[in-house]
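The following paragraphs lead through a group of packed helices, then through a cavity, and end with some backbone details. Please keep the sequence and the model in view while reading.

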Amino acid sequence: YKDVTSISCVGCNSVEKKIYVNLNYTVPCVRLLNATHQIGCQSHLSGNVGVLHVLESEENLDWVLHSGLTPPYLVILESSLFTRSIMMKLKNGSSRVAGVAVVTPNANPSQGTSPHTSCPNENTGVYTENYDPTMARCNVTVWNPLGTGLSYEEFDFPIFAMKEDNDTQVIRQCYMDHNRAGNGSTPQYPLCAMQLYSHMSAVTDTATCMRRNNINFSLSPEMVCDPLSDFNVWASTRPLNNTAKGHKEGESVVLAAARLDSRSFFFDIAPGAESGVSGFVALLAAAHALRNATQEAPPPRNILYAFFHGETFDYIGSSRMVYDMEKNNFAVDLDNIHSVLEVGQVGLHAESRLWLHSDPVSRKNSSVNEEVKKLILRLQSAASGLNVSVEEPGFSQPLPPSSFQRFLRARPIPGVVIEDHRSAFTNSFYESMYDNAEYLNISYPPDLTPDEQLEYVTDTAKALTEVATVVARTLYIQAGGAESRLGSINADPQMVTRILYGFLVRSNNSWFQQLIPSDLVSHLSESRCFVYYLLDSYGRAPALISPPTLLVQYLLANLTGSTVNVSQDDCWNQRVEEQDKESKHMYSYLWVQGAAPPNSTERVGFCMRSAARLSKALSPAFDLHEYTSKDYSTWTESRWKTIKGRIFLVASHELEMLTLGVGVGVLLTSLMLTYIMSSKADILFSSGREPANATY
């Protein structure tokens, strides 16, 4: 029986392979929900099927929307045609559109594009009608003028991204062989068709899906959505007691911040090179540059490095940290915060100039204004002698989208946001899949091995090293350090180029492997960029942490901490020795796999002791069960079961009906014959009675 079943399964698979060609690389647009509505895409439960049509120009849309005789169509778009104009026309004619597949190019387009909104996070920053109505809703500066808002539209058909590879060649050939009409004629059956699966479980809004999560019809209830959540990463130059939460008497803290996350229209393609990576790499390098100076000559004030997650989605990470500080659930509170220095987009595309943005409303307070002036002067002093200049915009405008805005919502705090743009973003691909290593001009000479590329200092790395040096020196002076030591505080270009390579080119490299535990190695990527996304961890114990977040934590620990000679067991138990009960309150201990000695394949692990820790990056709205909150992020992500795409040949509707009719006829004939044979079985299958004296 087992053998027969195996043969049957092999036969089924063989038939399926002859009918369908499965697509290997498909990345969907998924559904997200907030307090008021839903955005994104989805398919029917059984997938969406449509006849393939390769769109050659916007004028060619008429075939899909009106004149084509074989709807619905599944439209193949080149990336240059993936525009708001075309997508909204397809959306409005969705009864004839089964789905869209976008072919992503191997090189960035020449024209900039951003699927994000033109005014990011406009409803959850500090600039509300109550704070200053003249600056609300980007009235003064439109930060992302290339923003089309496409990422925030809802489509009732699936939209997938496909790589420009063998799959797309097969699709184009199938279209040319079967679907392309010549000389005005109508294509003849069989036609090439595609099926896309991306059914989403959640609908309407966050309040609806969270309510459905709590409906238990079985012992194992099925969740339909998850709040977007992950963890912030933070560390301090002077260890803080993380067990004793709340206000620390006599502790004054300079907060140095950057964001971790990014997004694009498609799930899981969000390199965020300019929008996220440039800022947090500069801050990591600055933290490394300050390690020796803050240990040899500790400044009076503490420096707290904070890397916020979820800032794209209405400032999830920063709003959570502010909330925890207000509720005495963090290592310090808002009274301990002296000032804020945030590192934003610092890719330095056009010129080696940084712009210092501050909040004109809070600066109406004289004490805040004086401290901001001092901070700006310190930034200018720190940049002297370097190949980068720092300036103020020179006119009154609000802060650009930044985590600092969430702190200002709580109280007026002195602070500056460092950016590479004076007003509107210089980032032409903000929150786009094209905001990648190529856009940051990260390139390597030909014929270099991966290890040689890892060590090669690119021009981008040199520029970011200058930025990191400015940030490090400014933080040291702002914390009360002596200006005489500034000359010894310099970021390491080798460190910067390694981090950039790891996050934007190849995360599975020899340096990253040394700095992480063995169980994280499997998450490193060989062939594509290390992407940033928010992991759904709500309600799970223990909470899941995304690999990029863990990687930043281990990097921060390595760059700011020190190696301690303890056993692996003691390291895991957060102690120096078995009797040590106090260290865990002040330090975090992380075991990493280390490098293999020469002529050996066995790695030598070691323990890193640092002040690097994680804190929750879950919107307070979900702890408060305020799913319609206007103060906090309410973003959730729908769950799904199957994401896949495949192509096949489809027969005409008439032939399908004929085949169905013949099949039904055969079935009815079989049933009739079976009935007749069953009713006449005693005649048809009778045999003479055996003699009574028959023996066997």
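Helix axes here are lines fitted to C-alpha atoms over the stretch in contact, and angles run from 0 to 180 degrees between N-to-C directions. Helices (H or I, at least four residues) and strands (E, at least two) are DSSP runs, numbered from the N terminus. The model is predicted: local features need pLDDT of at least 70, side-chain atom pairs count only at pLDDT 80 or more, and totals for chains, interfaces and linings use all residues. Residues are numbered from 1 along each chain as its sequence is written, and side-chain values use heavy atoms, with hydrogens and water left out.

The axes of α6 and α12 are 10 Å apart, and the two helices pack at an angle of about 145°. Their crossing is right-handed, a term that applies if the near helix is turned clockwise from the far one by less than a right angle, left-handed being the anticlockwise case. On the α6 side, the contact (heavy atoms within 4.5 Å) is made by Ala273, Val277, Phe280, Val281, Leu284, Ala285 and His288. Met495, Val496, Ile499, Leu500, Phe503 and Leu504 contribute from α12. By class, this contact has 12 nonpolar residues, one polar and no charged; Ala, Val, Leu, Ile, Met, Phe, Trp, Tyr, Cys and Pro count as nonpolar, Asp, Glu, Lys and Arg as charged, and the others, Gly among them, as polar.

Helix α14 (residues 547-560) also packs on α6 (residues 273-296), their axes coming within 8 Å and crossing at roughly 25°. The two are therefore roughly parallel to each other, since angles under 35 degrees count as roughly parallel, over 145 as roughly antiparallel, 65 to 115 as roughly perpendicular and the rest as oblique. α6 passes α14 in a right-handed crossing. Here Phe280, Leu284, Ala287, His288, Arg291 and Gln295 of α6 meet Val552, Leu555, Leu556, Asn558, Leu559 and Thr560 of α14. These residues divide into seven nonpolar, four polar and one charged.

How do α12 and α14 complete the picture? The axes of α12 (residues 493-504) and α14 come within 13 Å and cross at roughly 170°, which makes α12 roughly antiparallel to α14. Met495, Ile499 and Phe503 of α12 touch Leu551, Val552, Leu555 and Leu559 of α14. This contact consists of seven nonpolar residues, with no polar and no charged ones.

A cavity is a set of points, on a 1 Å grid over the protein atoms alone, where a 1.4 Å probe fits but cannot get out; lining residues have an atom within 4 Å of a point. Four cavities reach 30 Å³ or more, a volume being the space filled by probe spheres set on the points, which are joined across faces, edges and corners.

Some backbone details remain. The peptide bond from Pro71 to Pro72 is cis, with omega near 0°, and Pro72 lies in the loop between α2 and β6. Another cis peptide bond joins Tyr189 and Pro190, with Pro190 in the loop between α4 and β9. Asp314, although not a glycine, has a positive phi of about 65°.

Notes:
1 Å grid on protein atoms, 1.4 Å probe; cavity = no way out; pocket = protein on both sides within 12 Å on 5 of 7 lines; lining within 4 Å.
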